[in-house]
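Biologist: I would like to learn how to read a model like this one, feature by feature. Could you walk me through it?

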Amino acid sequence: MNLNETTVTKDFHLEEPLAPKQTRLEEFWLLFGQNRLAIMGLLIFILFFCCAIAGLFLTSGSKPIFDPSLIRLEEKLRPPFSKPNLDLLEPNQVPTLNFYLMGTDDLGRDVFARMLQGAWVSLTVGFVAVGISVLIGIFMGGIAGYFGQHYIKIDHILWTLFLVSGTGLVLLDVTLSGAALLLLCLAYIVYVVLTRHRSRKKAHSSWRAMLHTNAVSVDTLIMRIVDIMLCFPSFFLILTVVAILPASIYNIMIVIGLTSWMGTTRFVRAEFLSLREQDFVAAAKALGIGNFRIIFRHMMPNAVAPVLVSATIGIASAILTEAGLSFLGFGVPPPNATWGNILSGGKNFIFDAPWLTFIPGITILIVVLSFNLFGEGLRDALNPKLRERH
Amino acid sequence: MNSKNRNNHIILCVKDLKKYFPIRRGFLQKISGWVKAVDGVSFEIERGKTMGLVGESGCGKTTVARLILKLLALDQGKIIYQGLDISGFSEKEMRPHRKEIQIVFQDPFGSLNPRMTVGQSVEEGLRILGIKSHTMRKARLEKLMEMVGMSPDSTDRYPHEFSGGQRQRIGIARALSVEPSFIICDEPISALDVSIQAQIINLLKDLQDQLGLSYLFISHDLNVVGYLCNTIAVMYMGQVMEYASAEEIFDNPHHPYTQSLLAAIPDSGPGKKLEPTLLKEDAFDSSAALQGCKYRSMCSIEAPRCRKEQVLFEKIGEGHFARCWKAMKK
Ligand SMILES: Nc1ncnc2c1ncn2[C@@H]1O[C@H](COP(=O)(O)OP(=O)(O)OP(=O)(O)O)[C@@H](O)[C@H]1O
Ligand code: SF4
Ligand SMILES: [Mg+2]
């Protein structure tokens, strides 16, 4: 059959679409725009974003415009908007704005500069941690939802166990037994690959048959891991891990990310399970499109809406977690300022210098609230089932 | 006609297809029974012809379609496409043959990806065909849209901007994009208005004439099937009850179920209506369904033999098969 040779018979007029042309984005904005709180959340979010970026440039470098770690012992605990005492300060200690916008702390450091620096820390912690958790969540959820019905065989478990324990032993400097385990694993994989063709036709001997029995389905395995992870109160899990690891901002991001992917996994899995049964996915399979393209081109765009929403709200909770960790002294090590450790430093002077508590506290509140409002607005605008309610 | 010639002539042959779905119950998800969604389906489709598959809702028509497309693994039986036995093919082995068989779905709203423009959806197929150049794909795309009666500027619109009939046309364009020789139409018109149904039927007929396509046309409406199809298979509870040419089915039906379906067609007289209780017969009770005729609780001429013995799908005339003791005796 050749399409080029056939002529088109036009005994009917060509059909035009009915609805006026409107992209999904326009439709989304229309719905989103009706939600005032969400718009406010978005605006605050943008403001926060700009502050954080500005904060990075203004407070870093060898001669920053706002120096968050400059100590002026003569000027400690000055309230917001107070003028510096120029007689006591050296020229390089004079604050950039010529007054202390948010006061100074117990070491005479400019709180405004410290808040700016903290904004960048909060932003990166929020985004990187959520980025990690979303990536893991999409990956795990996608596998559970799309390949969930496949079974893991006992031999798979066995050689993963060898591999993991072997690597672990090598890393722990027990090189000899570690290498032995790794070799064993390698030998087993080679053996499996070599006998693959034969084993299909020939009947298995009993121990090989046992190795090939289905142990657990991929879906069950992943979802039970999720359940187990959810059993731990995550803040204390993070606290434990952070107490073991050296304190650094990167460790905190990674740990927050690694302990918060479960929600995304559940969302993505649920979406994939229902998408997999949809006709357009069946049509894509019937066309002969590969699994990879079906997952990423056809299913993922339909599954990202809830992920986006949970990610936005996840950023808020990551910022909160980081602040909590820093407050307890497990967070980003000094002299780096974060909102959490400004808050924690301020608690000793809550009656003498309440601004040290209230400024970071209220900022955290506003930012977290705006993220949550924005996230909920997103959910309402993206979820077609909620559309009718507006 | 000698057998080799005849085989050449048959595009799809399905033999005794079976697919049971497990029913899982309880905490441990133990299998407590089986839904015999497809339990003995055999038919042949000639090249360039249309076969109708009729049966009530839930009798397993869509499952047959998914089995033929290899979207579901079959439990038993053979699918022979153009002389090639594809029933044992793995996903990998099947991929190069995928584009030969396409499907048009019942639900025009679920069959197009809501996040892709119509053009992108149809273009997926052109990619599979291996057309690398963007301009060539574009030209082909417009040609396809025109063939199904859509204006070429609708390609950058999203599915929600179209009506059901238009989406069905787009679904047909997508199926045609990989240049298949065989298309399964799974109730393509039952979700549409009567006026639009005729348009889609005519479009399918035109395309068949132009491109020499073969169709498996699934429907629950004997009227439409009679108009469009050369041969008809009547299905009941996962089994083909009768299979013959359209004229034979209409003029000389042997199986009591076919007879009752024909009697239920409104314009052929005030025949007896099928009761909705029809569906209630224990489709899930495997022990009862194990032996005897599945239609016996509805059958007016049931005999003791129908209860005890497995009824076989037997030839009762030239190209006419039925699954009924009485029909065989005739
Ligand atoms: N994935 C599945 N798991 C379990 N049971 C299934 C599955 N798919 C279909 N079934 C069952 O198989 C039977 C046949 O379903 P099928 O969709 O093939 O019917 P149908 O003839 O296409 O009906 P309709 O005319 O309503 O489209 C039904 O009883 C259905 O519940
Ligand atoms: S086999 Fe018996 S019960 Fe079944 S359709 Fe024929 S006569 Fe009726
Ligand atoms: Mg169906």
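Modeller: Gladly! This is a predicted model, in which local features need pLDDT of at least 70 and side-chain atom pairs count only at pLDDT 80 or more, while totals for chains, interfaces and linings use all residues. Residues are numbered from 1 along each chain as its sequence is written, chains are lettered from A and ligands numbered from 1 in the order in which they are written, and side-chain values use heavy atoms, with hydrogens and water left out.

Biologist: How many helices and strands does chain B have?

Modeller: Helices (H or I, at least four residues) and strands (E, at least two) are DSSP runs, numbered from the N terminus. Chain B has 13 helices and twelve strands. Of its 330 residues, 54% are buried; buried means under 20% relative accessible area, exposed over 50%, and partly exposed in between, with a 1.4 Å probe and protein chains only.

Biologist: And what share of the contacts in chain B joins residues 24 or more positions apart?

Modeller: Contact means heavy atoms within 4.5 Å. Among contacts in chain B with a separation of 6 or more, 63% join residues 24 or more positions apart.

Biologist: Now helix pairs. At what angle do α4(B) and α5(B) cross?

Modeller: Axes are lines fitted to C-alpha atoms, for helices over the stretch in contact, and angles run from 0 to 180 degrees between N-to-C directions. Helix α4 (residues 118-129) of chain B and helix α5 (residues 134-147) of chain B cross at roughly 115°, and their axes come within 10 Å. That makes α4(B) roughly perpendicular to α5(B). As for the word, angles under 35 degrees count as roughly parallel, over 145 as roughly antiparallel, 65 to 115 as roughly perpendicular and the rest as oblique. On the α4(B) side, the contact residues include B:Val122 and B:Leu126, and on the α5(B) side they include B:Leu141 and B:Leu144. By class, this contact has six nonpolar, two polar and four charged residues. Here Ala, Val, Leu, Ile, Met, Phe, Trp, Tyr, Cys and Pro count as nonpolar, Asp, Glu, Lys and Arg as charged, and the others, Gly among them, as polar.

Biologist: Which pairs in chain A can I look at in this way?

Modeller: Among the residues in contact are A:Phe45, A:Phe48 and A:Phe49 of α2(A), with A:Trp120 and A:Phe127 of α3(A). The classes here are 14 nonpolar, four polar and no charged residues. Another pair is helix α13 (residues 339-346) with helix α14 (residues 355-382) of chain A, packed at an angle of about 145° with axes 8 Å apart. Their contact includes A:Trp339 and A:Ile342 of α13(A) and A:Pro360 and A:Ile364 of α14(A), and it has seven nonpolar, four polar and no charged residues.

Biologist: Is helix α11(A) largely enclosed or exposed?

Modeller: Eight of the nine residues of helix α11 (residues 279-287) of chain A are buried, so this helix is largely enclosed by the rest of the structure. Its cover includes α10 (262-276) and α12 (291-327) of chain A, together with α2 (61-68), β6 (101-104), α4 and α6 (164-176) of chain B. Just after α11(A), A:Gly288 takes a positive phi of about 100°. As for α2(B), seven of its eight residues are buried, among them B:Lys61 and B:Arg66.

Biologist: Where else is phi positive?

Modeller: B:Lys70, which follows α2(B), has a positive phi near 60°. B:Glu179 has one of about 55° although it is not a glycine; B:Glu179 is partly exposed at 22% relative accessibility. For B:Glu187, in the loop between β7 and α7 of chain B, phi is near 45°, and this residue is buried at 7%.

Biologist: Is B:Lys19 buried or exposed?

Modeller: B:Lys19 is buried, with a relative accessible area of 10%. This lysine is found in strand β1 (residues 10-25) of chain B and touches residues including B:Val35, B:Leu67 and B:Asp75.

Biologist: Finally, which residues are around ligand 2?

Modeller: Near means that a heavy atom of the residue lies within 4 Å. The residues around ligand 2 include B:His255, B:Cys293, B:Cys299, B:Cys306 and B:Cys324. By class, the shell has eight nonpolar, one polar and three charged residues.

Key: Lists of a residue's contacts leave out its neighbours within four places in sequence.
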